[in-house]
Structures are given as C-alpha cells and as structure tokens.
Amino acid sequence: MGRDVPALVFSREDRRRYRIKMQACLDAFALMLRESRFETERPRVGLEIELNLVDDRAEPAMCNGDALAAIADPAWSTELGRFNLEINIPPRALTAGGPDAWETEIRDALNHAERRAGSVGARLIMIGILPTLRRADVGEAALSENPRYRMLNDQVFAARGEDLRIEVDGVDRLRTYADTITPEAACTSTQFHLQVSPDSFADYWNAAQSVAGVQVALAANAPFLLGKELWHESRIPLFEQATDTRPQEIKAQGVRPRVWFGERWITSVFDLFEENLRYFPALLPLCDEQDPAETLDRGDIPDLGELTLHNGTIYRWNRPVYAVSHDKPHVRVENRVLPAGPTVADTLANGAFYYGLTRALVEEERPVWSRMSFRAAEENLHTAARHGIESLLYWPGVGEVPVAELVLRRLLPLAHRGLELSGMDDAWREPLLGIIEQRCVTGRNGAVWQKEMFHHIDRTTHVGRHEALRRMTRQYMDYMHLNAPVHTWPVD
C-alpha cells in the first residue's frame, strides 16, 4: 500500500478487470516459482519504522506534509495519519559493516529527521501508540492528504456499510465508534524484512508465525489508547478492529478479516498469495498496462502490480512480499507484529532476536510448527498482546510457561545459534541479545515502564489523567534520545 494512487470512483467493470488481472499475475507468479527465476544469492534484511509527530508538549502534531518536505529524504514517507511518518531503512546483509554499522545508520537518519522536523515545530517519537492521543485527534481531519488514504477509507466503509466499533477491555474499558479508519493511525510499528529463497520461504514464514507471541510479549510498548489503560500491546486489537471491512453479520458467517494471523501452516509462498485472491475482494481495483505473461515471454520480469497492490491491503501479521530489485525478483517475509520503539538499541535487539531465532528454528530437524497447532500460535499472540512480558505462553515440550522463563532457558540459546549460523560473531551477538536477556531478568519493557511511570506521576502529583500521560510521554522522549535500553529506565 506504499504506492500513490489517483482519486477515482470504481465501477463494476473495474472490479471485473482487476479480478482477471490478479489471476493473470498469480499464474505468472506460479510460473516464475516453477522455473526458479528468483534471486537467492544476495539475502538481505530490511527495516521500516513508523513514528509519531508531536509538538513541544508531546501532543500530536498534524503536520506530516510539512515535516516530510523539511526532511527532504526519499527514505521518508507519510502514513495514514497527519501525525505519522515512516522511514524505510535501506536493505543490507545482516552482518555488513560490523556490529555498530546498522545502529549508526539508523540513529543518524532519525537524528537528521528530528532536526529538520523541528523547523516546522515537530518532534519524532518511536512508540507503539502515542499516549497523548485523544478521540478528537483520530477523526476525518487527521487523514493524510495523499488520495490513497481517502480512497482506502471510502472503500473500507463501502464494504462495511456502517461505522467501526472499537472495543478493548484491559485495566480500563474502551468503547467507541469511528466513521473513518483514522484510529488505525494510532498504531505505529516496526517492520522487519527478511529476504529468503522461495524454497525456504514457507519454513521462515511458519517460524515467524510460531514466535510472534513471544516477540510481542518481550517488546510490548502500547498500553494506553485514547486515555485508557488497556492491553500491554493495545496496537494488536486496535489494528484488527480499525480496518475491519466486516459488519457483525458477515463476521458471524466466518468471513476472514483483513487483519489476519492466518489459519494454517503453509508449504509454499504461493499459498499466501493464492489465499489473498480466493478470500479477499479488492479494495483498490487499479489495473496497470503490463501483461505479466507477455513480459515473461520476452524474458523480462513482471512487476505483478495488481497482485502486490492487493497484498498491501491484506494486513497479515507476517506478510509475504514480492518485489523486483536491480531487475531481479525476490520474495521476503515482512514481520509486522512489533511496536515502534522505545529506542534504536531496543529495536536492533528485537531484530537480532527475531532473525536469529527464526534461522535456528528453520534449521531444526523437527520444526516447531510440526509440534504446535496453528491455533496455539495465534492464541499466543493475543495472550502476549494482553499481558506483555507477564504472559504465560504455550511452547511444545514444556506446555504453558512464563515467557521470560521460556526465552531465557530455550529461545535465547537458539537465537544465539541462529545468528552464529548467519555469520554474526560473539562481539555483536552478546550486546544485542543481552538486552533481550535483561528484559526477561528484570521483567521490564516499554509497556511496563509506561504503566509504572504514569501511575507514579498520577499518584504523586494528582494532575489528572491526560496531564500525567503527557508528562510521562515527555519523559519517554528524553530517555528515547539517550538510547539506553528501556529495561534500564528509572521511574522517578
């Protein structure tokens, strides 16, 4: 969904043509898989980070267009809400440049953007949900100016036929309606990309699904939404509800949601793209001029534009991606479960844990997904989102176990092994995975710090809920810029 689209009204003919064109793309993709036309020699990792814009009071700043113009860097783009921006860090080999290279690149890019955004009165914050957001901040006026967001909004509500109902029960209870998809903009995430060969894609996707709950439990960073204290990672239920095209009657019929964990382990990347076409009607039926079959016959590589656009409107927590880079096609897993922040150090630790653990699980003789039901993996995700680092999660061979114990005893050694297999030496592995270890030992992540700091301010100052959230958010930003891992942040 990253591409720009024109403002249009779609006809039945548009939808018919799009369905035919998507099938042609899927057929071409199947042929490319059979003929092994994909790049497999240059595996890469990538990273996208969504951020919030705030003013000096840590309140949302509705100025992403001005901030983007000031930053003036093609790596940056707008997101759904006027208070959002996204940076796309260039892909790289996992071990390129030594242990500090990736962190330096990311911090330099973020610091540059922070300085330039300051010229239009904005600051950047990496956090799963901005705690100072209020209901008035996620209305229609908060939609970014790009026509694609308006068009997506219109198509979601045309499919629903009614307003969105958002319900989350946590420490507090949230009950609200929305007449736009803008509440989705409250969800800001970190997205890790992993380029793999088509032959190994299914194993890596299954591994990523297996550990999604563990990832969320360790990295939860979104306990507050619209002034309410909800789940440790409230991003998960909010995102599932804020883009739901199904009214209640359609849900009751078992129609699949567009924000989707999935329903089965897969045997090929083709399975996921085929499911996209079989289960989900098009939201943005825009056809391009390229004929994928003719393009292949000429010996060229098709863009598969309709297939990729449709894929971008189906929000799997681990999404398949097809792309063409340097005239060569590749596939990758886009891991979308994690919130943004709290720091670059925490982000890279999360990435090291994910990349190392999935590599190790793929190498096991008896894969974890052969010993674990798909439903158990999905339940782990929602349990982790609700309870964070305090979660009890299921794992084969041990049953239901505290997530910190599971990670310390079983999964961290696997992550070390996976990174070693990827060519990462001790000097790099130990500091990164040491952050994960200390989160487990201390039981502290971004969500825990936010909750504790908010209650400390509320208890000691009696300034009111929103003011306590605002002060907590300002303190969060100060610590974020220090880049000390969140488990070391004090509460005082």
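Aromatic contacts in a predicted model

The charged end of arginine 256 lies over the ring of tyrosine 279, at 3.6 Å from the ring centre; the criterion is NZ of Lys or CZ of Arg within 6 Å of the ring centre and within 35 degrees of the ring normal. The model is predicted, so local features need pLDDT of at least 70 and side-chain atom pairs count only at pLDDT 80 or more, while totals for chains, interfaces and linings use all residues. Residues are numbered from 1 along each chain as its sequence is written, and side-chain values use heavy atoms, with hydrogens and water left out.

There are 21 aromatic pairs in the structure. Rings of Phe, Tyr and Trp (its six-membered ring) pair if their centres lie within 6.5 Å; planes under 30 degrees apart count as stacked, over 60 as edge-to-face and the rest as tilted. Phenylalanine 261 and phenylalanine 374 make a tilted pair, with 5.2 Å centre to centre and 55° between the planes. Because phenylalanine 261 lies in the loop between strand S10 (259–260) and helix H8 (269–279) and phenylalanine 374 in helix H12 (residues 374–387), the pair ties together parts 113 residues apart in sequence. Helices (H or I, at least four residues) and strands (E, at least two) are DSSP runs, numbered from the N terminus. Phenylalanine 261 counts as buried at 3% relative accessibility, and phenylalanine 374 counts as buried at 8%; buried means under 20% relative accessible area (1.4 Å probe, protein chains only).

Tyrosine 479 and tryptophan 489 also form a tilted pair, 5.3 Å centre to centre with 45° between the planes. Tyrosine 479 lies in helix H16 (residues 465–482) and tryptophan 489 in the segment after H16, so this pair ties together parts ten residues apart in sequence. Both tyrosine 479 and tryptophan 489 are buried. Elsewhere, ring pairs join Phe29, Phe38, Phe273 and Tyr322 into a cluster.

How values were computed:
Buried < 20%, exposed > 50% of the residue type's maximum accessible area, 1.4 Å probe, protein only.
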